[in-house]
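The sequence and structure are shown below.

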Amino acid sequence: LLFLTGLTKSLIRREMKVYVSNVLNFGFLFFIAALCLIYYMTDGRLLSRYDEFTHWGLTVKNYMIFDGFANIPGSTTLAAGYPPGISLFCYLFTSLRDWANECDMLKGMNVFVVSMLLPVFRRINWKRFVFGLFLIPFVLFVPWLFSTHIIPYNTLYIDCPIAVMFAFLLY
């Protein structure tokens, strides 16, 4: 919606060149490609690890059922005292439908991780396109550095997203 609003505003003001240079850049292209890959990779996926069933996935499902945080009475999470952080982003993607779909939770987590990696591409313009293409595998490999025993794009565990968010804050 914001993309279309900006496009309309640029067309009205005849500032299309500024809009294209600010919005349609390499980082936007990377985000769209990553979004398509995320939707392809996570479509139909189910939660498969212990903590996903006992807390992370269950927390998002409780958000959907009780329409509130997981620490309210009646909640079935084991660690209701955890603050609602990254699970709220998963809830955002899950709430786009009327039911708690596990693959939407994974989509939300992966979009969060990719979003935190986007500032790396802010200095990549179309003249440095080839350098940006070489940079993509390294950027996508960064979450593996923060993951000890699991594939970071394949789980709801928050170890990797918290580390990527810390790297984002330092960057």
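## Overall architecture

Of the 171 residues in the chain, 37% are buried, where buried means under 20% relative accessible area, exposed means over 50% and partly exposed lies in between (1.4 Å probe, protein chains only). The model is predicted, so local features need pLDDT of at least 70 and side-chain atom pairs count only at pLDDT 80 or more, whereas totals for chains, interfaces and linings use all residues. Residues are numbered from 1 along each chain as its sequence is written, and side-chain values use heavy atoms, with hydrogens and water left out.

The chain holds eight helices and zero strands; helices (H or I, at least four residues) and strands (E, at least two) are DSSP runs numbered from the N terminus. The order of elements from the N terminus is α-α-α-α-α-α-α-α. The C-alpha trace spans about 55 × 40 × 30 Å along its principal axes. Among contacts (heavy atoms within 4.5 Å) with a separation of 6 or more, 62% are between residues 24 or more positions apart.

## The largest nonpolar core

A nonpolar core is a set of buried Ala, Val, Leu, Ile, Met, Phe, Trp, Tyr and Cys residues joined through side-chain atoms within 4.5 Å. The largest one has 30 residues, of which F121 and L156 touch the most other members. Two or more residues each come from helix 3 (26-42), helix 4 (50-66), helix 5 (86-94), helix 6 (102-117), helix 7 (129-145) and helix 8 (159-170). Helix 6 gives the most, with nine residues.

Which residues does F121 touch, not counting residues up to four places away in sequence? They are F26, G27, F30, G132, L135, I136 and V139.

## T42 in helix 3

T42 lies in helix 3 and is buried, with a relative accessible area of 3%. Its side chain reaches the backbone oxygen of I38 at 2.7 Å. This falls under the definition of a polar contact, a pair of N or O atoms within 3.5 Å; within protein, one must be able to donate a hydrogen and the other to accept it, and residues adjacent in sequence count only if both atoms are side-chain atoms. Not counting residues up to four places away in sequence, T42 touches C103, L106, K107 and N110.

The expected span of a helix is 1.5 Å times one less than its number of residues. For the 12 residues of helix 1 (residues 2-13) this should be 16 Å, and the end C-alpha atoms are 16 Å apart, which agrees. R14 follows helix 1 and has a positive phi, near 60°.

Helix 8 also has 12 residues and should span 16 Å; its end C-alpha atoms are 17 Å apart, which agrees. C160, P161, A163 and V164 are buried in helix 8. Seen down the axis, the buried residues fall within an arc of 165°, so they line one face of the helix; the arc is that of the directions from the helix axis to the C-beta atoms. Helix 5, helix 6 and helix 7 are among what covers these buried residues. The face of helix 8 turned away from its buried side carries the exposed residues F166, L169 and L170.

Nine aromatic pairs are found in the whole structure. Rings of Phe, Tyr and Trp (its six-membered ring) pair if their centres lie within 6.5 Å; planes under 30 degrees apart count as stacked, over 60 as edge-to-face and the rest as tilted. The rings of F26 and F129 have centres 5.4 Å apart and planes at 80°, so this pair is edge-to-face. The pair links distant parts of the chain, with F26 in helix 3 and F129 in helix 7, 103 residues apart. F26 is buried at 2% relative accessibility, while F129 is partly exposed at 27%. W126 and F129 form a stacked pair, 5.8 Å centre to centre with 25° between the planes; W126 is partly exposed at 46%. Ring pairs link F26, F30, F121, W126 and F129 into a cluster.

N25 lies in the loop between helix 2 (16-22) and helix 3 and is partly exposed at 27% relative accessibility. Leaving aside neighbours within four places in sequence, N25 is in contact with V20 and W126. The C-alpha atoms of N25 and L7, 18 residues apart along the chain, are separated by 14 Å.
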